[in-house]
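Subject: Structure handover

Hello,

Please find the structure below, with notes on what turned up in it.

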Amino acid sequence: MEPHRLLTLFLAEGRDLLDRVDAELLLLERTPDARGAIDAVFRAVHSLKGMSATVALADTASALHCGESLLECARAEGQLPAAHVAALLCLVDGVRHALDAAERGDASPAVLQSAARAIEALGPAAPGMRGASRAHERSARVVARATAVAGAHWRVDIRIADDAAIPSARSSVVLRKLRALAPLLDVVPDDEARCDDAWDGRLTVWLGDDGIATTMDADLLTQAVRSAGEIAECHVTREVTGALNMRATGAMQTIRIPTQRLDELLDIAGELVLVRDRLQRHVRPTADDATSQALDDASKLVAQLRDAILRSRMVPLAQVFDRFPRHVRDIADALGKEIDLVLEGRELEVDRSLLDELSDPLLHLLRNAIDHGLEHPAERRAAGKSERGRLVVRAMREGAMVAVTIADDGRGVDRAKVAAEARAQGVSEAQSLADDDRGLLQLLARPGLSTAATVTALSGRGVGVDAVLTRVKALGGRVELATATGTGTVITIRLPLSIAMLRALLVRVADETYAVPLAHVYSTHVADVVPAAGSSSVQVAGERLRLIRLRPHLGLTAGDDVSGHLVVLDCAGERVALHVDACLSQQEIVVKPLQRVRGSASKFSGGTILPDGVPSLILDINTLS
């Protein structure tokens with residue numbers, strides 16, 4: 001396999017393993033003697049070490065070997081002390097930085113070496129750390145030699161028992177057993193080093209493919225090694241290249257596809273939908289029965305293809321949610337707070353492109369909730385609350401939308417303080433806005449507004465809520481706030497399940513056709529008479545609604561405003577009546593992003609091509625509020 005493709009595969013799988021290690025370490029922080037978690041972390045770190053060696057990341061493999069030794073002691077002792085958990089969490093961070101650096105083509109970061117040294121400093125409390133420095137030196141040599149050997153399929157890590165009479169002789173028996181099963185490509189340390197009295201009994205063997213590799217598995221190799229006798233440990237790892245072969249033969253039922261390819265497929269599917277609609281429009285009126293049947297069949301196949309591609313882009317929110325426990329733990333620890341995090345709706349699936357965009361806004365809100373909302377244990381105790389704050393992240397499906405809620409049981413937003421900060425920025429109506437949840441959110445989202453007393457790494461720069469609203473609005477969603485003093489705060493983000501394709505209501509204004517996302521449309525009504533210019537509300541189905549005229553909103557001449565249609569919209573939690581010249585039809589559209597021009601009006605969230613080939617702009621409903 002080409003080196004860059006091998007590295008790409010390793011980076012993806014390595015990050016998945018690091019996420020699993022994070023989750024297990026957080027469990028061990030609460031339950032140090034959770035043997036299953038210790039074993040899971042050990043296996044993941046061991047796999048990461050082998051994979052790092054395969055792609056020539058020597059420093060990463062060396063640091064992971066250090067962590068593996070620490071975990072080996074934990075397995076022997078049956079628990080992982082808190083100090084060791086903290087050191088391993090730092091190692092996980094260091095490896096993440098190292099993977100990012102490898103992706104950019106940079107050298108490994110200093111934080112990786114710092115994490116390894118911190119683990120080495122725990123050596124006196126970890127008997128298995130003896131000889132770690134020598135192991136590190138060997139690890140670097142292992143990397144250089146292992147990556148130079150083509151065709152390695154298996155890596156076998158062995159430790160001869162401490163009470164073995166002649167460890168070097170025992171290693172020779174092990175090698176003879178393995179050589180009988182597959183070509184032996186490399187052994188570290190070499191024969192001379194294994195005869196040295198300072199040898200710690202560890203050796204690593206790389207095996208190739210003898211043409212019948214499908215008949216060999218990890219259990220067979222392990223059995224062969226242990227049959228040599230006096231073996232303390234044996235770990236067999238399928239090399240990354242081997243993992244690819246397993247995928248090819250069907251042993252694994254998943255493959256990794258770059259998101260760019262899925263985007264290309266979706267673009268093609270979208271174009272097919274447009275061509276289908278054009279055929280239906282121009283051919284259907286004069287088609288005979290056979291042609292109509294062929295059109296129907298083609299239409300169904302195009303719809304099935306589009307749906308299959310959309311489903312292939314759907315991924316569970318767990319891919320973002322599962323990062324939160326580590327973030328919450330680190331922030332709470334830094335601030336001296338105690339927090340219980342509850343995650344609900346992890347299994348809900350959303351479009352991959354939406355998931356990528358959702359991570360940062362949610363992290364912003366989590367930081368705000370921990371820093372500004374949840375109190376310190378003493379303050380909570382004085383208020384009659386549990387010392388441990390509660391933070392709930394919940395995802396729910398709402399029709400074609402997904403609602404993600406972050407709720408805390410903290411002190412709530414200090415409306416008076418927010419109003420005072422806003423007045424200092426020149427907002428004259430600050431107090432009246434702060435009294436209402438919608439207005440309070442507008443104030444919190446003002447650039448530069450912050451209620452933090454000092455600037456820290458977490459807050460104080462007045463960019464958190466502003467950044468969240470900007471990102472969410474760009475995705476065609478909205479943010480809602482509800483807060484009560486002394487009780488807590490709830491922030492809800494509502495977004496479409498997919499930002500690539502959506503159903504829209506096509507409306508006409510003047511000579512142009514615009515698309516209104518159907519997820520925001522509550523109802524439509526014929527408007528025989530619309531109130532004269534200057535009126536700010538209208539009666540619709542017995543309900544008084546705020547009136548918005550689309551012509552002036554778009555900078556067009558107001559016209560007579562005596563007829564047309566009213567589109568009742570759910571806009572940021574408020575129903576409004578949008579006056580348009582006419583409602584045309586519902587249409588499934590492919591969303592095309594718009595290149596933002598500095599100084600231009602941000603009244604549209606994207607564009608699309610209609611079945612007749614005419615382009616149409618998609619209204620950004622958030623700009624109507």
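In this predicted model, residues 24 or more positions apart account for 68% of the contacts in the chain with a separation of 6 or more, a contact being heavy atoms within 4.5 Å. The chain has 625 residues, of which 47% count as buried; buried means under 20% relative accessible area, exposed over 50%, and partly exposed in between, with a 1.4 Å probe and protein chains only. Its secondary structure comes to 21 helices and 21 strands, taken as DSSP runs (helices H or I, at least four residues; strands E, at least two) and numbered from the N terminus.

On conventions: residues are numbered from 1 along each chain as its sequence is written, and side-chain values use heavy atoms, with hydrogens and water left out. As the model is predicted, local features need pLDDT of at least 70 and side-chain atom pairs count only at pLDDT 80 or more, while totals for chains, interfaces and linings use all residues.

Cavities and pockets

Both come from a 1 Å grid over the protein atoms alone: a cavity is a set of points where a 1.4 Å probe fits but cannot get out, a pocket is an open set with protein on both sides within 12 Å along at least five of seven lines, and lining residues have an atom within 4 Å of a point. Grid points are joined across faces, edges and corners, and a volume is the space filled by probe spheres set on the points.

There are 3 cavities of 30 Å³ or more. The second largest cavity holds about 50 Å³ of space. Its lining has 11 nonpolar residues, no polar and no charged ones, where Ala, Val, Leu, Ile, Met, Phe, Trp, Tyr, Cys and Pro count as nonpolar, Asp, Glu, Lys and Arg as charged, and the others, Gly among them, as polar. Among the lining residues are L18, V41, L64 and L88. Helix 1 (3–30), helix 2 (35–54), helix 3 (58–77) and helix 4 (82–104) each supply at least two residues of that lining.

The second largest pocket has a volume of about 1300 Å³. Of the 45 residues that line this pocket, S498, I499, A500, M501 and V591 are the closest to its centre. By class the lining divides into 24 nonpolar, 7 polar and 14 charged residues. Elements that each supply at least two lining residues include helix 11 (259–283), helix 15 (352–373) and strand 12 (501–509).

Helix 5

In helix 5 (residues 110–120), the buried residues are L112, A115, A116 and I119. Seen down the helix axis they fall within an arc of 100°, so they line one face; the arc is that of the directions from the helix axis to the C-beta atoms. These buried residues pack against helix 3 and helix 4. The face turned away carries the exposed residues A110 and R117.

Salt bridges

With a salt bridge taken as a side-chain nitrogen of Lys or Arg within 4 Å of a carboxyl oxygen of Asp or Glu, the count comes to 43. In one of them, E72 pairs with R202, the closest N and O atoms being 2.3 Å apart. E72 lies in helix 3 and R202 in strand 3 (residues 202–207), so the pair ties together parts that are 130 residues apart in sequence. E72 is buried, at 9% relative accessible area.

R276 and D277 also form a salt bridge (3.2 Å, N to O). R276 is buried at 16%, and D277 is buried at 13%.

D330 bridges to R329, with the closest N and O atoms 2.8 Å apart. D330 is partly exposed, with a relative accessible area of 27%. Salt bridges that share partners join D19, D22, E29, D93, R96, R326, R329 and D330 into one network.

Regards
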